[in-house]
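This note is written for a colleague who is meeting the structure for the first time.

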Amino acid sequence: MERRLRPAIQMWARLTRGATLGVRALVTDRDGRVLLLEHSYVPGWHLPGGGVDRDETPEAAAARELVEEAGVRPAERPRLLSVHDNRRRFRGDHVLLYRVERWTQEAATSRGEILRVGWFSPGDLPPGTTPATRRRIAEALGGGDPDPFW
């Protein structure tokens with residue numbers, strides 16, 4: 001059900017709001033691997049994240065999305081790394097990228113949204129990892145200046 005409703009909900013948000021705000025989180029484990037996931041409604045491997053709800057801070061949204069999608073609960077406040085214009089995907093959208101290094105594992109709460117979750121070496125990301133995801137990982141872990149566009 002989630003797979004069928006999600007695109008309609010996203011389209012409604014785009015049509016009814018002048019601007020939208022999303023978050024993504026770069027989560028690393030003790031071995032330096034990066035958390036990626038595959039959604040049921042969009043192709044490719046992505047950093048976990050999603051939309052910021054009304055009356056929710058972006059930081060809280062990042063933490064919520066991590067628990068929902070991957071069962072990762074930040075043990076400290078997510079640290080803002082960069083802000084990106086996502087007009088290539090749709091006009092008026094912006095994405096905030098957060099970093100999470102300390103966390104605990106629990107059961108993911110989302111049902112049907114996530115197909116697969118995995119931990120990958122930044123130098124050996126899986127085929128299908130989106131170009132934007134690859135750029136964000138390289139920028140964050142390689143110390144480069146973030147591209148203003150997602």
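1. Which residue stands opposite Tyr 98 in S7? In this predicted model, that place is taken by Leu 80. Tyr 98 of S7 is also the bridge partner of Ala 25.

2. Strand S7 covers residues 93-100. Seven of its eight residues are buried, so that the strand is mostly covered, where buried means under 20% relative accessible area.

3. Strand S1, residues 20-27, is joined to S7 by eight bridges. These two strands run parallel.

4. Strand S6, residues 79-85, is likewise bridged to S7, here by six bridges. In contrast to the parallel pairing of S1 with S7, S6 and S7 run antiparallel.

5. As a general point, the strands of a sheet pair through backbone hydrogen bonds, in either a parallel or an antiparallel manner. In the present model, four strands form an open sheet in the order S4-S1-S7-S6, and the pairing is mixed. The edges are formed by S6 and by strand S4 (49-51), each of which pairs on one side only. On average, neighbouring strands of this sheet are turned by 20 degrees against each other, direction ignored.

How values were computed. Residues are numbered from 1 along each chain as its sequence is written. This is a predicted model: local features need pLDDT of at least 70, side-chain atom pairs count only at pLDDT 80 or more; totals for chains, interfaces and linings use all residues. Side-chain values use heavy atoms; hydrogens and water are left out. Buried means under 20% relative accessible area, exposed over 50%, partly exposed in between (1.4 Å probe, protein chains only). Two strands pair if DSSP finds at least two bridges between them. Axes are lines fitted to C-alpha atoms, for helices over the stretch in contact, and angles run from 0 to 180 degrees between N-to-C directions.
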